[in-house]
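I opened my notebook today to look up one protein model, piece by piece. Here it is, so that you can follow along.

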Amino acid sequence: MTTLSPENSLSARQSASFILAKRKPPIDKTEWSSFFDENGYLAKSGDFICVNILERGLDPGVRTEAWKFLTGYYSWQSSQDERLTMDSTRRKNYEALCQMYEKIQPLLENLHRNFAETQYNIACDIQKLYDKDPLGNVLVDKKRLEKTLLLSYVCNTQAEYQQGFHEMVMLFQLIAEHDHETFWLFQFFLQKTENSCVITIGVGKNLDMLSRLIALLDPTFSEHLQGKGVGAVQALFPWFCLCFQHAFKSFDDVWRLWEVLLTGKPCRNLQVLVAYSMLQMVREQVLLEGMSGDAILLACNNLIDLDADELISAACMVYAELIQKDVPQPLKDFFL
């Protein structure tokens, strides 16, 4: 076992304090433009920008372009002209995929049972999706949303459709102007976050690492969860499947967390530290009342209307605590 760098601990604590203090406003269009030279090359390092996004966040006016860098849609080393070319290439590739899908759709519907079931599930999920703002204005085009989800299912063999993807893609559609941007941003988001929200790939790993983390940092709580609260941690899989979407009071809070996950700051797989921080919110109640698994799950499900900045700050503090410990290799590999 190895004790990790104290410099990383200091950085994590500083980030947490900056987020809580909110010393500076989010990065706006003027400041974002100042990061580039006259040819559109970044004059600042990607690392500098990611740290600022962690500590301050993004103004909605720059979120779409910034996310293209964070996801890998654009290269951090690209010029303005190269980005225009890349965007044109992304659009053409998307259109080619759409044409391919239209040609094979009848065959899939007739011969591929899983496709027919998935098509039905997507249609049902979208039908139930509430797509209006508080004033009754329609937020998204459900037909376009369905097309994106079906195309993603056909083209991404790793991340098959799962319930909740319709809500996630809706949030990408809300920040993207064009369908090809929505599609590629979602694909790159899954890749950049190491498919951590995909139930057949990353979710089980997240739950395992969460259990290990609790055992390392909070043995008393871990003992209760393994005894009277057995099964509670494994039942928290919706947190990861939805990437905590239902825990927040606004879409802005969801986007705020997601863009921090994309920065890779202060560490990889921050989503597990976020889940640990949420569990700490119910810890005292769980132990005082001697809660069983079902009661713990109910208490966790009642964690709603959270503030993203406060949760990100809490996760940074957990990371700062973690790297002061003798960290077992599975956790070390997972977070660094």
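My entries go from the whole chain to single residues.

**Ground rules**

I noted that this is a predicted model, in which local features need pLDDT of at least 70 and side-chain atom pairs count only at pLDDT 80 or more, while totals for chains, interfaces and linings use all residues. Residues are numbered from 1 along each chain as its sequence is written, and side-chain values use heavy atoms, with hydrogens and water left out.

**Entry 1: the whole chain**

I looked up the secondary structure and found 17 helices and two strands in the protein chain. Helices (H or I, at least four residues) and strands (E, at least two) are DSSP runs, numbered from the N terminus. Next came the radius of gyration, which is 21 Å, close to the 20 Å that the globule rule gives for 336 residues, so the chain is as compact as a globular protein of that length. The radius is taken over C-alpha atoms, and the rule is 2.2 Å times the number of residues to the power 0.38. Along the principal axes, the C-alpha atoms fill a box of roughly 60 × 55 × 45 Å.

How many of the 336 residues count as buried? I got 50%. Here buried means under 20% relative accessible area, exposed means over 50%, and partly exposed is in between (1.4 Å probe, protein chains only).

I also checked contacts, meaning heavy atoms within 4.5 Å. Among those between residues at least 6 apart in sequence, 76% join residues at least 24 apart.

**Entry 2: salt bridges**

I wanted to know about charge pairs. Side chains of opposite charge can pair when their charged atoms come close. My cut-off for a salt bridge is a side-chain nitrogen of Lys or Arg within 4 Å of a carboxyl oxygen of Asp or Glu. The count by this rule is 14.

I looked at arginine 56 and glutamate 31 and found their side chains in a salt bridge at 2.6 Å, N to O. Arginine 56 sits in helix α3 (residues 46–56) and glutamate 31 in helix α2 (residues 29–34), so this pair ties together parts that are 25 residues apart in sequence. Arginine 56 is buried at 12% relative accessible area, and glutamate 31 is partly exposed at 23%.

Then I found lysine 68 bridged to aspartate 87, with the closest N and O atoms 3.6 Å apart. Lysine 68 belongs to helix α4 (residues 60–71) and aspartate 87 to helix α5 (residues 80–111), so parts 19 residues apart in sequence are tied together. Both lysine 68 and aspartate 87 are buried.

My next pair was glutamate 95 and arginine 91, which meet at 3.4 Å, N to O. Both lie in helix α5, four residues apart, about one turn of the helix. Glutamate 95 is partly exposed at 36%, and arginine 91 is partly exposed at 32%. I also noted that Arg63, Asp252 and Glu259 are joined into one network by salt bridges that share partners.

Not counting residues up to four places away in sequence, glutamate 146 touches Ile122, Ala123 and Ile126.

I found asparagine 206 in helix α10 (residues 203–217), buried at 1% relative accessibility. Beyond its neighbours within four places in sequence, asparagine 206 has contacts that include Phe240, Gln271 and Phe334. Its C-alpha atom is 8.0 Å from that of glutamine 271, which is 65 residues apart along the chain.

Cysteine 241 is in helix α12 (residues 237–241) and is buried at 7%. Leaving aside neighbours within four places, cysteine 241 is in contact with Gln162, Met168, Cys197, Ile199 and Val203.

Where does proline 266 lie? I found proline 266 in the loop between α13 (251–263) and α14 (270–289). The peptide bond to proline 266 from lysine 265 is cis, with omega near -5 degrees.

Cysteine 243 is not a glycine, although its phi is positive, about 50 degrees. Phenylalanine 244 also has a positive phi, near 65 degrees. I noted cysteine 243 as buried at 2% and phenylalanine 244 as buried at 2%.
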